[in-house]
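Subject: Structure handover

Hi there,

Here is the structure I promised to pass on to you. Have a look at it first, and my notes follow below.

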Amino acid sequence: MSEYVRQMPENVGPLTRPPGLARKMHVDTSLLVLLLILTVYGLFVLYSASGQSMDAVVRQGRYFVLAYVVMFAMAQFSPVRWSRWSPWGYLLGVALLTAVAFAGVGAKGAQRWLDLGDFRFQPSEIMKLAVPMTIAWYLGARVLPPAPRHVVVCLLLIAIPCGLIIRQPDLGTSLLIGASGLFGIFMAGISWRFIFGTGLVGILSAWPAWIFMLEDYQKQRILTLLNPESDKLGAGWNIIQSKTAIGSGGWSGKGWTQGTQSQLDFLPESHTDFIIAVLAEEFGLQGVLLLLSLYLLILFRAFWIGVKAQSSYGRILCGSITLTFFVYIFVNMGMVAGLLPVVGVPLPLVSAGGTSVVTLMAGFGLLMAVSTEKRVVGQ
């Protein structure tokens, strides 16, 4: 043993050994494996939810390929650079949202897109990352916990894009973006007194918001939540059918592609917002528990990356992205189960869709950049 030690170069040791391939690529292996498993599981469920359409699976697979490329690209830049770029991304997003207000393309009563010729682009997706990144940039450069004046500045940074998105109108996306920014303030160490005070203000504002802010269709969604039986063939149809599908699955489900509610088209939007109902009907409670286990492991790993982050920017950003990911899961499952109003939030990395998948994976790319921050800073 002593002879072996004498033969070792003096500059080689546990702290100086060459980084592995994953480190060189700035990839968190544990998080990547969990995301790959969830991706495959999601495609497996999507095949049945889309009416056994292989075209839908291939199309979603292409979105996943693009999303992973974006994730790897995001991971290659250190959090120091992302911190510098954050305010510019925020300003770009606000400018694009302003452009939507004046020259946006409308569909189904909503004006949310910019027409770029070959495809349409929804600028609000940028803000799902730009807002938490900007809050992390602003608070990470200051003494924590933040002073009240800094909290006010952060609230203004959140309110500007949220107000522009509400005008489109897109209340669901606005709430998600607002939550991502508030989570950043929370992760900066704000006092519980302020949190409870904000919650009280929110409760007191509920009635004025109902009267002056909510559109008629938004009010109808809340009323349908309280009593879906009042309009069984109209607004209450989705919730009634989704609850029927979930309840009929039992413990082990009816079998893959054997669900009646989805395969016979009783369940609307079965491959997008209500895909968890298809999973519950065909794979039962055990299939749902498997999905929840994957989500919990991803959330745990993401929080752990935040705990080990080397900077305040990294910790705030990781916490905000992770909690926002949790909100996606909670809101989608809550609305499908009839516990929350239907707001059109997809089930993360399972529901069909391209823009949301790319945005979510870009967020995980930021997490991977933070997870390798120490190595990057030391180079």
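Helices here are DSSP runs of H or I with at least four residues, numbered from the N terminus. One of them, helix α10 (residues 206-212), gives the most to a nonpolar surface patch, with three residues. Please keep in mind that this is a predicted model, where local features need pLDDT of at least 70 and side-chain atom pairs count only at pLDDT 80 or more, while totals for chains, interfaces and linings use all residues. Residues are numbered from 1 along each chain as its sequence is written, and side-chain values use heavy atoms, with hydrogens and water left out.

The patch

Ile-166, Trp-207, Ile-211, Phe-212 and Met-213 make this nonpolar patch of about 600 Å². Areas come from the Shrake-Rupley method with a 1.4 Å probe. Ile-211 lies in helix α10 and is partly exposed, at a relative accessible area of 40%; buried means under 20%, exposed over 50%, and partly exposed in between.

The aromatic rings

How many aromatic pairs does the structure hold? There are 11 aromatic pairs, counted when ring centres of Phe, Tyr or Trp (its six-membered ring) lie within 6.5 Å, with planes under 30 degrees apart called stacked, over 60 edge-to-face and the rest tilted. Tyr-41 and Phe-283 are edge-to-face, because their planes stand at 70°, with the centres 6.4 Å apart. This pair links distant parts of the chain, from Tyr-41 in helix α3 (residues 29-49) to Phe-283 in helix α14 (residues 275-307), 242 residues apart. Both Tyr-41 and Phe-283 are buried.

Trp-82 is buried at 11% relative accessibility, whereas Trp-85 is partly exposed at 39%.

Helix α15

Helix α15 (residues 312-336) has 25 residues and reaches 36 Å from its first C-alpha to its last. Of its 25 residues, 21 are buried, so α15 is largely enclosed by the rest of the structure. Just after α15, Gly-338 takes a positive phi of about 80°.

Best wishes

Conventions:
Helices (H or I, at least four residues) and strands (E, at least two) are DSSP runs, numbered from the N terminus. Buried means under 20% relative accessible area, exposed over 50%, partly exposed in between (1.4 Å probe, protein chains only). Patches are made of residues with over 30% relative accessible area and no salt bridge: like charges are joined within 9 Å, nonpolar side chains (Val, Leu, Ile, Met, Phe, Trp, Tyr) within 5 Å. A salt bridge is a side-chain nitrogen of Lys or Arg within 4 Å of a carboxyl oxygen of Asp or Glu. The expected span of a helix is 1.5 Å times one less than its number of residues.
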